[in-house]
Amino acid sequence: MAIYLSAQRIAAYRTAAAHQVTVEVLDETGSTNADLMARLGQLSAPVLLAAERQTAGRGRAGRTWHSVPGAVLTFSIAWSFNRPLHTMTGLPLAVGVALVEALSAFGVRPQLKWPNDILKEGKKLAGVLIETAKGSAAESTWAVIGVGLNVALPEGFEERIGRPVASLDRAELDRNHVVGAMMNSMAAALTQFEQQGLSAFTERWNRWHAYAGQAVCILDGECVLHEGRAIGIDTNGALLLETVAGLVDVLAGDVSLRTAGEGKHAVTG
Ligand code: BTN
């Protein structure tokens with residue numbers, strides 16, 4: 001088992017951008033996202049809640065997020081924005097940028113799959129689930145941003161969950177340091193997002209785009225909505241696709257890589 005997560009150790013990594021974040025660690029909980037969502041009414045400042053083990057981890061689109069203690073980092077940050085809910089649509093992309101920028105400092109080469117899955121060598125390394133609620137002040141919004149990052153996966157994990165996954169695979173890393181770095185990068189990005197919106201992140205997102213220039217399809221479950229060449233995101237956070245019918249901006253769906261001659265190769269997370 002790696003070094004245990006510790007609130008004190010994580011907090012010791014805080015930079016100025018994250019100075020107001022309270023750090024908490026639990027041995028076990030259902031879901032750090034659910035816990036923070038339930039506490040929003042009592043919060044007045046950002047909180048980072050990490051757990052060694054989640055028994056009911058939530059993924060996007062109602063999926064389950066599987067947790068392996070010591071091998072998967074699971075944490076959420078509750079953050080309040082002076083922005084109305086309808087201006088928050090670009091937030092998942094900004095968070096993706098913050099995470100790849102933090103992880104790249106550890107010597108991995110992460111990439112972004114729209115909207116914000118984090119890949120390593122084409123396989124899912126981390127996933128993000130963002131839940132929002134109206135704040136108590138007019139025009140304010142709370143976001144609970146949950147991150148699940150595979151640090152070192154046990155034998156047979158891919159078979160168990162039925163899809164390809166990657167992990168950091170850096171046994172020497174202190175997981176407290178990795179959480180601390182992601183917290184700092186996210187705190188800086190969330191502050192910038194509040195002030196500037198997605199415009200501060202579009203170019204950065206496109207730099208980390210896993211499928212830039214590649215043939216992809218957009219799926220809704222088993223149904224193919226669009227096929228084309230992935231260009232990158234636009235200023236609204238839509239994924240631009242060059243199709244036979246012209247440029248399409250995709251606002252929803254799962255992106256799946258199409259490999260020449262192989263047909264559809266599902267890499268959805
Ligand atoms: C996805 O890719 O489907 C998103 C996965 C998000 C998982 C994290 S783990 C910490 C936080 N708590 C949860 O219940 N989910 C998020």
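Predicted model: local features only at pLDDT ≥ 70, side-chain atom pairs only at ≥ 80, totals over all residues.
User: Which residues come nearest to the ligand?

Analyst: Ser 31, Gln 54, Arg 58, Arg 60 and Lys 124 come nearest, out of 20 residues around the ligand, where a residue counts as near if one of its heavy atoms lies within 4 Å of the molecule.

User: What lies 2.7 Å from an oxygen atom of the ligand?

Analyst: A polar side-chain atom of Ser 31 lies at that distance, 2.7 Å, from a ligand oxygen, and a backbone N or O atom of Arg 60 also lies 2.7 Å from an oxygen atom of the ligand. For Lys 124, an N or O atom in the side chain is 2.6 Å from an oxygen atom of the ligand.

User: And how much of the ligand does the protein bury?

Analyst: The protein buries 99% of the 410 Å² that the ligand exposes when taken alone, with areas computed by the Shrake-Rupley method with a 1.4 Å probe; for residues, only the protein chains shown count as cover.

User: Switching topic, how many aromatic pairs are there?

Analyst: The structure holds one aromatic pair. The ring centres of Phe 81 and Phe 193 are 6.2 Å apart and their planes stand at 90 degrees, so the pair is edge-to-face. The rings of Phe, Tyr and Trp (its six-membered ring) pair if their centres lie within 6.5 Å, and planes under 30 degrees apart count as stacked, over 60 as edge-to-face and the rest as tilted.

User: Where in the chain are those two?

Analyst: Phe 81 is in strand β3 (residues 72–81) and Phe 193 in helix α5 (residues 175–196), 112 residues apart, so that the pair links distant parts of the chain. Helices (H or I, at least four residues) and strands (E, at least two) are DSSP runs, numbered from the N terminus.

User: Is Phe 81 buried or exposed?

Analyst: Phe 81 is buried, at a relative accessible area of 0%, and Phe 193 is buried at 1%. Buried means under 20% relative accessible area, exposed over 50%, and partly exposed in between (1.4 Å probe, protein chains only).

User: What sits over the ring of Phe 193?

Analyst: The charged end of Arg 83 sits there, 5.0 Å from the centre of the Phe 193 ring; a charge sits over a ring if NZ of Lys or CZ of Arg is within 6 Å of the ring centre and within 35 degrees of the ring normal.

User: How many residues of α3 are buried?

Analyst: Helix α3 is mostly covered, with 11 of its 14 residues buried, including Leu 91, Val 95 and Leu 103.

User: Last one, which peptide bond is cis?

Analyst: The bond from Trp 114 to Pro 115 is cis, with omega near 0 degrees, and Pro 115 lies in the loop between β4 (110–113) and β5 (117–120).

How values were computed
Residues numbered from 1 in each chain as written. Heavy atoms only, no water. Polar contact = N/O pair within 3.5 Å; in protein donor to acceptor, adjacent residues only side chain to side chain.
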